[in-house]
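Please look over the model shown here.

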Amino acid sequence: MAKFLKVHGSENKFFILDQTLLKKTLTDDELKRLAINLCENTLNGADGLLVIDVSENCLGKMRVINADGSEAKMCGNGLRTVSRYLSEKYQLNEFKVETMESDLAVSKAPDFYEGVPAFSVEISPISFKKDDLPFSYKNMKEMINQLVPEFLPDQSFSAVAVPNPHLISFVPEVSKLELGDLGQKLNGKNEYFPEGVNVSFSQILDTNKIFVQTYERGVGFTNACGTGMSATSLIFALLHPDKFDPTKEITVYNPGGMVKTKVTLNSDKELSKLRLIGNATFTHEIDIEETDLHNNNLRNINVVETNEENDYKAFVTYISK
Ligand SMILES: N[C@@H](CCC[C@H](N)C(=O)O)C(=O)O
């Protein structure tokens, strides 16, 4: 019998499959089909499948398969949940996890609330270069605080890869309609972001306090996007120094709850450091025959719910007061 988990970070929901426990690992096609099926049809769906593989230099390797079957370079909310899984599996509180572009330092953080375990993860590498996103707009080599009327009139945009691609705009109030339209446009066939982009709109609430909503590439609207909130925090620190206190963490609210980020700026902005701290909640444990996993047959799964979601809901009620 094989096992997998349903988890979330700020209600950005995933399934975690630890392939190191299987007799035979799934092929890339099997993983893609499984991700699409799980995210569409299982336990009210999810935004992606996080796959744990063996790593040579780290405690484990994380792969991120989006709900549409595409593979992403990184996932911040997902990395927190994978960190918790590996931390409990190997009884370690500080270690590295291999991701597509880098080995990232992660550590257990103080609980966010009673019954809400939290992890702190490094978000890296950072690049503003057009080829690293990639994007194409006029002859721009970087897009930082640029008016782009083709996206939306009177709104400025910044693009940064961490290393998955993000487009960020600060607005007086988030319009879900405009975010959805722009997210769809830039994730369909388009001349600006040929590989798509995660689009975030952010509202500045106070010093070191922002709200971020994201339309994710390969998914659509999410409750929260960890790399999106980290990338937005970096752009916030660069563009709004009057509202940024570098000695403190930034509180980032999102439709699924709240996380903290820590931005350490460097004079070369690509050498700045980013950390994302937030909940790592396990909601369900699922048993399945290994052959059913390979055959993408989810009809005979056995699901056990944990009690963690009640604690997470209590945390959300607490921060909303
Ligand atoms: N939800 C994630 C990001 C997942 C990947 C994204 N959809 C992409 O294709 O880049 C996060 O928490 O960072």
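Predicted model: local features only at pLDDT ≥ 70, side-chain atom pairs only at ≥ 80, totals over all residues.

Residues are numbered from 1 along each chain as its sequence is written.

**Ligand shell**

The ligand is surrounded by 19 residues. The closest are Ala 72, Asn 77, Asn 164, Gly 226 and Thr 227. By class, the shell holds five nonpolar, 11 polar and three charged residues. Here Ala, Val, Leu, Ile, Met, Phe, Trp, Tyr, Cys and Pro count as nonpolar, Asp, Glu, Lys and Arg as charged, and the others, Gly among them, as polar.

At least two shell residues come from each of β4 (60-66), α2 (76-90) and α4 (226-239). The largest share, three residues, is from α2. Helices (H or I, at least four residues) and strands (E, at least two) are DSSP runs, numbered from the N terminus.

UniProt, in an unreviewed entry, places the feature "binding site" at ten positions listed there, including Asn 12, Asn 66, Asn 77, Glu 216 and Arg 217. Such annotations may be inferred rather than shown by experiment.

**Two annotated residues**

Buried means 20 or more other C-beta atoms within 10 Å of a residue's own, exposed 12 or fewer, and partly exposed in between; C-beta atoms are placed from the backbone.

| Residue | Element | Other C-beta atoms within 10 Å |
|---|---|---|
| Asn 77 | helix α2 | 33, buried |

Two residues are in contact if their C-beta atoms, placed from the backbone, lie within 7 Å. Leaving aside neighbours within four places in sequence, Asn 12 contacts residues including Asp 47, Asn 77, Cys 225 and Gly 256. On the same terms, Asn 77 touches Gly 9, Ser 10, Asn 12, Ala 224, Cys 225 and Gly 226.

**Domains**

The domain assignment gives domain 1 (2-122 + 280-320) and domain 2 (130-278). The bounds come from an automatic or database assignment. The C-alpha centres of domain 1 and domain 2 lie 24 Å apart. Their contact takes 27 residues from domain 1 and 22 residues from domain 2. On the side of domain 1 that touches domain 2, β8 gives the most, with four residues. That side divides into 11 nonpolar, nine polar and seven charged residues. The ligand shell draws at least three residues from each of domain 1 and domain 2.

Conventions
Near = placed C-beta within 6 Å.
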